[in-house]
Amino acid sequence: MIERIEQLRAEGEGAVAQAATTAALEEVRVRHLGRRAELPNLLRGVADLPPEQRGGVGKAANQARQALEALIAGRTRELEAAELDVRLAADRVDVTLPGYPAQPAGRLHLLTATRREIEDVFLGLGFTILEGPEVELVHYNFDALNHAPNHPARDRTDTFYVRRPEAAGQSPVAGPDAPRSTPSDLVLRTHTSPMQIRAMEAHPPPLYVVVPGRVYRRDSDATHTPQFHQIEGLAVDKDVTLADLKGTLLAFARAIFGDEREVRLRPHFFPFTEPSVEVDVSCFNCTEGHLRDGSRCPLCKGTSWLEILGAGEVDPNVYAHVDDDRYDPEKVSGFAFGLGVERIAMLKHAIPDLRLFYDNDLRFLEQFG
Ligand code: PHE
């Protein structure tokens, strides 16, 4: 009888080795260990054997059954893993395939397209592109840009101040009795100009860079959103004059608004440029302020000029704040400008309300690009 048990065990092992799928393995299990299979029957009959055979036969049959069970369980796990791999490979979806039916590919947001268009113009003029932090030190946003300590732009009503993480939670009392917290040294940058200083500290002259990015001011109406986009320009080299600024901006204006454009500089004030100017481009919508039917041009309001940006010669005081002796106002000079991406896009496409850029209304967005 023990011999028969060994034979059954060997047959079972052979069958397991032959089974190539989990389904075939299950058949093997039923045939060799199921209710009607010989080995379990033998085990059930042990009690009817003469007492001197029970021990030996029972032990051998039990061992044979346990060995087969373990073998089948192990092999099942192996086959299941292999079958899963096959299924995963077969079910793999190529998410880069076009949808069926094909879906429209979408388009760039007008602000992204405008930013890239402007970047391309300056890349063509030999500038490189830099980016900088939106959470900025007061030092770079105001101090190093020659803002007087009482300059109104520093006011909390105009600028978002940011508390340092380690200072958060330090104000124990809220409300009118709260201690006036020490002024933060961090702001959401109010313009891209702090990158003038950072760019000079990171790169020696000659320097020709443009810096696109988000800026933040506490303002909200049809012509102001709390967050908007600027592009800063900075050129520092030997003998860079206001004439170089004008030529550069003329090339920019013609690339964006058309070959016939002219630019003019009007005196202005910025703390970090001297002299400072506002730059106008001749209106592309009218002739000398009038439309063909003789009515007043609504874009330039009959003035025939459109204000596009602020600029100027870098103030010598600014170089003094740059932590690099090579920026010595006796040796280098430069110009800087800052333009609003929204403003350029609004002028170019006659967009009446700044908030349209941020409403995400497809009827608006789909008109561009
Ligand atoms: N930073 C100024 C602003 O936001 C613009 C500017 C940039 C003016 C560079 C002069 C030079 O209004």
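Helices (H or I, at least four residues) and strands (E, at least two) are DSSP runs, numbered from the N terminus. What we have here is a predicted model, in which local features need pLDDT of at least 70, side-chain atom pairs count only at pLDDT 80 or more, and totals for chains, interfaces and linings use all residues. Residues are numbered from 1 along each chain as its sequence is written, and side-chain values use heavy atoms, with hydrogens and water left out.

I shall begin with helix α10. After α10 comes A350, and the phi of A350 is positive, near 50 degrees. Within the helix, which covers residues 341-349, V341, E342, I344, A345, M346 and L347 are buried, where buried means under 20% relative accessible area, exposed over 50%, and partly exposed in between, for a 1.4 Å probe and protein chains only. What do these buried residues of α10 pack against? Their partners are α5 (110-124), β6, α8 (242-257), β9 and β10, contact being heavy atoms within 4.5 Å.

Let me turn to the ligand. It is surrounded by 14 residues, and the closest are H191, S193, R217, Q230 and G338; a residue is near a molecule or strand if one of its heavy atoms lies within 4 Å of it. Strands β6 (227-237), β9 and β10 each supply at least two residues of this shell, and β10 gives the most, with 3 residues.

Polar contacts are pairs of N or O atoms within 3.5 Å; within protein, one must be able to donate a hydrogen and the other to accept it, and residues adjacent in sequence count only if both atoms are side-chain atoms. A polar side-chain atom of S193 lies 2.8 Å from a nitrogen atom of the ligand, and one of H191 lies 3.0 Å from a ligand nitrogen. For R217, a polar side-chain atom is 2.9 Å from an oxygen atom of the ligand. Taken alone, the ligand exposes 320 Å², of which the protein buries 88%; these areas come from the Shrake-Rupley method with a 1.4 Å probe, and for residues only the protein chains shown count as cover.

Next, two loop residues. Is D324 buried or exposed? D324 counts as buried because its relative accessibility is 11%. It belongs to the loop between α9 (316-320) and β10 (333-340), and a polar atom of its side chain lies 2.9 Å from the backbone nitrogen of R326. Leaving aside residues up to four places away in sequence, D324 touches M200 and P204.

N285, in the loop between β8 (273-282) and β9 (305-314), is partly exposed, with a relative accessible area of 37%. N285 and L299 are 14 residues apart in sequence, yet their C-alpha atoms are 6.9 Å apart in space.

Finally, the aromatic rings. The structure holds 10 aromatic pairs, rings of Phe, Tyr and Trp (its six-membered ring) being paired if their centres lie within 6.5 Å, with planes under 30 degrees apart counted as stacked, over 60 as edge-to-face and the rest as tilted. F364 and F368 form an edge-to-face pair, because their planes stand at 65 degrees, with the ring centres 5.2 Å apart. F364 is buried at 8% relative accessibility, and F368 at 11%. Ring pairs also link F122, F127, Y208, F252, F335 and F337 into a cluster.
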